[in-house]
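Please look over the sequence and the model below before reading on. The paragraphs after it take the structure one part at a time.

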Amino acid sequence: MKKVRTFFLLTALSVLILISVAYWLSAGARDSKVVGRSPSHATYKARERLLNTSKLWSIVKTAKAGATGPISAAAPPELGAGKSLHVSKESSCTSTWGKDSFCDDFLSRTFHQRVAICHNSNDKAEAEQIVCKRSPHSYVMSSCVMENVLLRPSQLYELLAWSDRDARMHASSSPSVQLLNVPGGPTCHDPNAGPLDQCMQRFDPSRLIVEKAVSTASTDTNACKRWVNDTTFVFMSSCCHIYFRFLALYNVYKAILDEGPEGSVQVLRVGESHGHYIFPEFEENIFDSTALQDFEEDAVCFKKVVLSPWSYSSVLFDCKQKPELRGRCYACSGKEKCATSFYYFRKAVLDACGLSDNSSVESSYKNPKQVVIILRKSYKRHSDDDPSKVERVLENGEDFVSALKSDFHGAVVSAIHPEDLPICEQIRYAHGADILVGVHGAGLVHTWWQRDSALLFEVIPNYQTGNPTFQMLTTLTGRNYHSYVMRGGDMSRYMMRLNIPDALNSLHSAIKRR
């Protein structure tokens, strides 16, 4: 009899183990489907990053837990855990800008003035469900954090895609964004998005999401088909312009540094259109992102969502765009400073492309081994563009390349059309360039990845002399910069003829003078 009881106990235990294993495998498969990766791929990426301790991010990716209990309306399944991000400050780093200086206040702290969206009672000390903060130095820059919020992926695309703002706000019968009144959670009494008029641009996607959220609160948590408990940073960029694309990426990256969550995080990408991303693999390597389209459920609920400003509200853009800020920003040189968010973002971008500054080859713009010239060509930046109307194309660009090869005969001179190259190949060329040459245009954002000893030589048409985009970028990131202004001659906005001897004299003068 004892043997029979033992047999039945062992059999029952075996069945329970088999059921548990089957459940675990199905949960893992389901979660990997949600984030758009296979379990083996996720495991490989985690192992690869954990082994490489020299990388900027030290990433600990926990095992995907799947649902913690039976799927029901009361307990929606959770998304598998995101990743824990830890920034290791380099011991050789000098401190950033002086505490409480303009440079520290605007470029480092940035968002620290509260914007009243919720009007909760102070005497009850109730946590606010929406917390927005602005920069005291700009009327277009704010970030917002929302808790217990429902997003409907398909309607969210509609909200962000419509060109007419009022039409966007009333586009869908089912709200694209809703605040959820969760018992015991933060609240938002008498919500009013009006104050955002004073600190956010009209068409900033983050503003649209907050405005939609405050107009559609709900107590129906049963609508949630899936819960995401990790802090979720939303990356939105509808711009194909590569300069603004990197500003949007930087804003999300800086938000992650600023919020500094103790637990794991997710980065949620909203594409240019449903299911379309410009640099999907590159962005995934930076953030390990979860694409919005990967959520198959029609209602996904998030415990905490962080909305960073869009690219037109980046400190880099504001510094160059606002005359009242330019002089103060120029005083914030990033030279020899490796504790700034600009520095760490550069490291993250290089890491995403498998690049580093470690090299046995010593070179600089004074003794260049690599010279790279970016040539513009006719292309469509937006779907309705006329490619023949692309500005600032050098008519004698090939002659300029030949002249550079003749003058720098000891260096490898490469001419590239960035539009023809994968994004990491573009970054690789710029990173290896001792001298990066180009006519004013978005592709010069790649100066960000150059080494400290390198130089950006910008050719500026005279009608662009009031646009210090890349002089500002090189100042704040600590790169070397020199410009040559084109004057006279055949200089239409579309096809320009460069005075090559004069441009080369300017370049050699910069090399000797510095």
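The model is predicted. In soluble globular proteins, nonpolar side chains tend to be buried together. Here the largest nonpolar core holds 67 residues, and F246, F282 and W448 are those with the most contacts inside it. Helix α7, spanning residues 242-259, supplies the largest share of this core, with twelve residues. A second, separate core has 34 residues, among them C118, Y157, V177 and M200.

Leaving aside neighbours within four places in sequence, W448 is in contact with L247, Y250, L316, F342, F345, R346, L473, T477 and R479.

The next part is a sheet. Five strands make up this open sheet, and their order is β14-β12-β15-β16-β17, with parallel pairing. Strands β14 (412-416) and β17 (480-486) stand at the edges with a single partner strand each, so one side of each has no neighbour in the sheet. On average, neighbouring strands are turned by 15 degrees against each other, direction ignored.

Within the sheet, β12 (residues 370-374) and β15 (residues 435-439) run parallel and are joined by four bridges. In this pair, I373 of β12 stands opposite V437 in β15.

Two helices accompany the sheet. Helix α14 (residues 469-477) packs on the sheet and touches β16 (455-461) and β17. The direction of α14 makes about 170 degrees with that of β17. Helix α15 (residues 500-513) lies across β15, β16 and β17, and runs at about 155 degrees to β17.

Note on methods. Residues are numbered from 1 along each chain as its sequence is written. This is a predicted model: local features need pLDDT of at least 70, side-chain atom pairs count only at pLDDT 80 or more; totals for chains, interfaces and linings use all residues. Side-chain values use heavy atoms; hydrogens and water are left out. A nonpolar core is a set of buried Ala, Val, Leu, Ile, Met, Phe, Trp, Tyr and Cys residues joined through side-chain atoms within 4.5 Å. Buried means under 20% relative accessible area, exposed over 50%, partly exposed in between (1.4 Å probe, protein chains only). Contact means heavy atoms within 4.5 Å. Two strands pair if DSSP finds at least two bridges between them. Axes are lines fitted to C-alpha atoms, for helices over the stretch in contact, and angles run from 0 to 180 degrees between N-to-C directions.
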